[in-house]
Amino acid sequence: IDKVKQMRAAEGNFLEADLKKHCSAIEKDLEQIRARGDIVLHEYAAKLKQRVDALLAEVKLKLNEETLAREVAIFAERSDISEEVARLDSHLKQFIQACKSKELAGRRLDFISQEMLREANTIASKASDTKIIRCVVDIKCRIDRIKEQVQNVE
């Protein structure tokens, strides 16, 4: 019985280390996503202005700056992922806390990982930037690995 307990403890330590490794990788991807957030908005504004200027040059009209600002504001509102990033970050912290807990955490970890995946999916659906989407794909792969490992946790 003692050997079984030792084996289970060793496996538990390995699982915890593996889960934390995936959480750390997700945190790094989230940092990249945060960094891209403002850049994406400025890039969109510049592209939109350039496109509109090119179209208006053909018909010799002038762009109302207020209209352009309103379009950029609408885009910013629709593509704002800051809430989802904050929630995913919060879920990661809760996940790590649950790993440290001495109580049975399998179901809790499973639930948190499902919530993490939900936030990642929302970020992907709102993002219009290929670099952000690549990070989200990496995050989703990590979450899938986490979900598989969590099935081995009591």
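This is a predicted model: local features need pLDDT of at least 70, side-chain atom pairs count only at pLDDT 80 or more; totals for chains, interfaces and linings use all residues.
The chain contains five helices and zero strands. Its radius of gyration is 22 Å, well over the 15 Å that the globule rule gives for 154 residues, so the chain is more spread out than a compact globule.

**Fold and dimensions**

- The pattern along the sequence of the protein chain reads α-α-α-α-α.
- The C-alpha trace of the protein chain spans about 85 × 20 × 20 Å along its principal axes.
- Among contacts in the protein chain with a separation of 6 or more, 78% are between residues 24 or more positions apart.

**Surface and burial**

- Buried residues make up 33% of the 154 residues of the protein chain.
- The protein chain has an accessible surface of about 10300 Å², and carbon and sulfur atoms contribute 54% of that area.

**Cysteines**

- A disulfide is a covalent bond between the sulfur atoms of two cysteines.
- The structure has zero disulfides.
- Cys23 takes part in no disulfide, and the nearest cysteine sulfur, that of Cys99, lies 6.3 Å away.
- With a relative accessibility of 1%, Cys23 counts as buried.
- For Cys141, the closest cysteine sulfur belongs to Cys135 and is 12 Å away, which is too far for a bond, given that a disulfide needs the two sulfur atoms within 2.5 Å.
- Cys141 has a relative accessible area of 35% and is partly exposed, whereas Cys23 is buried.

Technical notes: Residues are numbered from 1 along each chain as its sequence is written. Side-chain values use heavy atoms; hydrogens and water are left out. Helices (H or I, at least four residues) and strands (E, at least two) are DSSP runs, numbered from the N terminus. The radius of gyration is taken over C-alpha atoms; the globule rule is 2.2 Å times the number of residues to the power 0.38. Buried means under 20% relative accessible area, exposed over 50%, partly exposed in between (1.4 Å probe, protein chains only). Contact means heavy atoms within 4.5 Å. Accessible areas come from the Shrake-Rupley method with a 1.4 Å probe; for residues, only the protein chains shown count as cover.
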